[in-house]
Amino acid sequence: MGAKATGNIERVNGRPAYVRVLLKSGKTARIRLEPSCTELEAQSERRYWAAKAASGELVETPKQKRGEEPKHRAPGETVAAYAERWLAEREGRGLTSVRDSRSALKHHVLPILGPYAMRDVTRADVERVVEHLDDLVRARSSGQRDDRGRRVGIFSKSARNIFGTMAKMFADASASKRRELRARTDNPAAGVRGPDVLPDREGTYLFPREAAALLACDAVPVRWRAIYAVALYTGLRRGELVTLRAENVKLAEGYIAISKAHNRATKGEKCTKSGKTRRLPIEPALKPLLKALCDNPQGAGGRLLDVPTDRTMADKLRRHLPLAGLDRDELFANDDQRRPLDFHDLRHSWASWLALAGVDVQVIKQRGGWADFVILQRYVEEAEAVGRGDIGKPFPALPASLVAAVATAESAIESATIDEGSGENRYFYRERDTGFEPATPSLGSSCSTN
């Protein structure tokens, strides 16, 4: 087998065994690989030795003593090692995006670039990742399935987020404000076009009459109905709901002061997404429930609501909708054009309700803490499209039974059991139609607040 200028891999019993590269003299160099060398490491070796041959540094096959294990030759810090250092620095600053960034790199970037030396990555290498992401987006949009019938690929928005994470890492590797993070003199991702942009899947929102049915449904636990009500009538993000306390609620003055949000990375608190404190007028229909929550907080540590901080809330919401007789197709659609309702869509519902009520878009933007009108405009257009239908009046009165149930429910701090083995307090509940009860592993389902 002849060698190419870019090098090729010779396999024995299906595993990488040697790298062959074409020397400037026209001869072929054959370099033995470690027996444990993976496919990714073999590709890194091929690239490394091909560059050596092209530059003239490699003029003959390097001598390797019989019985001596060859060393992997990726000079300097690898992309995988740098990625861990980069993520650790970001985690140390309390950035909540670290978990998503780690997943993006692990599954889509490091399998391609991980074994390469960080200082040797080229624009062409970055473009290979973009090609990989484009392939996944096309696979998803074409409806491809694996051998088990499961859909494969990723959505366009996910691909753009993954590319953004990679681009940020390489930008920091060349020009970070923290000198210890600088690992090269240039940015190989600069000027590289990201993955193909396809239309994002359309979401939906709860109509006012659907929200009224959900909040009045006795089959949905009080804990969750209280969360849904506050989310729908305030538009607070989940992290802002987690940290909501009585001191934030100014019932006499008629507003809620939003200054903190939950920090997923540290499990503590941080500033809001916009970095600013905003004052949100209280909808009249919500005042009785807020008063009941202020008098009888449901969350640990004086928090008004017992909001889980994991990612199960969308599943919970979609399980609760049918209990209230809500079966509109758009709420559950999950295809290339549409996605099912998730918890964050309750915030979108709030914005759409305000638009239906005739509130100026600039006022909605300020109340919701949005940085621009791009996302907000979508909700306004949706409200205009369905505003004349039989969808109910925005911000309907809350069920008196819900307010009464919250006023008499046990708080999380009173009914919680503590899992001492986790390193932090974790509160578990059995869900009941009214109130909460400590759960044991033998008593049905449990909900964790972390």
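Predicted model: local features only at pLDDT ≥ 70, side-chain atom pairs only at ≥ 80, totals over all residues.

Colleague: How are helix H2 and helix H5 oriented to each other?

Modeller: Helices are DSSP runs of H or I with at least four residues, numbered from the N terminus. Axes are lines fitted to C-alpha atoms over the stretch in contact, with angles from 0 to 180 degrees between N-to-C directions; under 35 degrees counts as roughly parallel, over 145 as roughly antiparallel, 65 to 115 as roughly perpendicular and the rest as oblique. Here the axes of H2 (residues 79–92) and H5 (residues 156–175) come within 11 Å and cross at roughly 90°, and the two helices are therefore roughly perpendicular.

Colleague: Which residues of H2 and H5 meet?

Modeller: Contact means heavy atoms within 4.5 Å. On the H2 side are Val79, Tyr82, Ala83, Trp86 and Arg90, which meet Thr165, Lys168, Met169, Asp172 and Ala173 in H5.

Colleague: At what angle do H12 and H13 pack?

Modeller: H12 and H13 (residues 361–368) pack at about 150°, with axes 10 Å apart, and are therefore roughly antiparallel. Arg347, Trp350, Ala351, Leu354 and Ala355 of H12 make the contact with Ile364, Arg367 and Gly368 of H13.

Colleague: Which residues of H7 and H15 meet?

Modeller: H7 (residues 222–234) and H15 (residues 400–408) pack at about 115°, their axes 10 Å apart. Val222, Arg225, Ala226 and Ala229 in H7 meet Leu402, Ala405 and Val406 in H15.

Colleague: What lines the second largest pocket?

Modeller: On a 1 Å grid over the protein atoms alone, a pocket is an open set of points where a 1.4 Å probe fits, with protein on both sides within 12 Å along at least five of seven lines, and lining residues have an atom within 4 Å of a point. The second largest pocket is lined by 14 residues, of which Glu202, Gly203, Thr204, Arg378 and Glu382 lie nearest its centre. Helix H12 (345–356) and helix H14 (374–386) each supply at least two residues of this lining, and H14 gives the most, with 4 residues.

Conventions:
Residues numbered from 1 in each chain as written. Heavy atoms only, no water.
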